[in-house]
Amino acid sequence: MGPKPTSVTNRIRVLRADAGEMTQAELARRIGVTRQTVIAIEHGRYSPSLELAFQIAEAFGRPLGDVFQYEAPGTRP
């Protein structure tokens with residue numbers, strides 16, 4: 001059994017497109033992580049630290065809540 005999915009969702013893919021098709025590698029370079037880390041966060045397999053989440057939001061010039069959303073367990077239909 002793999003790791004349980006995170007309750008944190010994100011709009012990183014949409015925001016990368018809005019930023020002129022910013023690549024995962026470019027975002028990774030800007031925030032100081034590997035492309036694999038960006039992929040895992042973008043696909044919801046990994047929740048970033050609070051500090052990294054703020055760095056991602058800053059890379060897009062957006063508030064944290066525009067990039068990440070938290071869905072409390074048990075609130076899904």
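Predicted model: local features only at pLDDT ≥ 70, side-chain atom pairs only at ≥ 80, totals over all residues.

Visitor: How many salt bridges does the structure hold?

Guide: The structure holds 5 salt bridges.

Visitor: What makes R29 and E26 a salt bridge?

Guide: Their side chains are 2.9 Å apart, N to O. The cut-off is within 4 Å, from a side-chain nitrogen of Lys or Arg to a carboxyl oxygen of Asp or Glu.

Visitor: Where do R29 and E26 sit relative to each other in helix α2?

Guide: They are 3 residues apart in helix α2, which means that about one helical turn separates them.

Visitor: Why is R29 called exposed?

Guide: R29 has a relative accessible area of 58%. Exposed means over 50%. R29 therefore counts as exposed.

Visitor: And why is E26 called partly exposed?

Guide: The value for E26 is 24%. Buried means under 20%, and exposed means over 50%.

Visitor: What makes E26 and R30 a salt bridge?

Guide: The distance is 2.9 Å, N to O, between their side chains. That is within 4 Å, so the pair qualifies. Both residues lie in helix α2, 4 residues apart, about one turn of the helix. R30 has 46% relative accessibility and counts as partly exposed.

Visitor: How do you know that D66 and R62 form a salt bridge?

Guide: Their side chains meet at 3.7 Å, N to O. This too is within 4 Å, so the label holds. D66 is partly exposed, at 30% relative accessibility. R62 is partly exposed as well, at 33%.

Visitor: What joins E26, R29 and R30 into one network?

Guide: Salt bridges that share partners do.

Visitor: Which residues touch the most other members of the largest nonpolar core?

Guide: They are I12, L27, I31, I56, F60, V67 and F68, in a core of 16 residues. Helices α1, α2, α3 and α4 each give two or more residues to this core. The largest share, 6 residues, comes from α4.

Visitor: Why is it called a nonpolar core?

Guide: The name is used because such a core is a set of buried residues, such as Leu, Ile and Phe, joined through side-chain atoms within 4.5 Å.

Visitor: Which residues does F60 touch, beyond those up to four places away in sequence?

Guide: F60 touches I12, L15, R16, A19, M22 and L27.

Conventions
Residues numbered from 1 in each chain as written. Heavy atoms only, no water. Buried < 20%, exposed > 50% of the residue type's maximum accessible area, 1.4 Å probe, protein only. Contact = heavy atoms within 4.5 Å.
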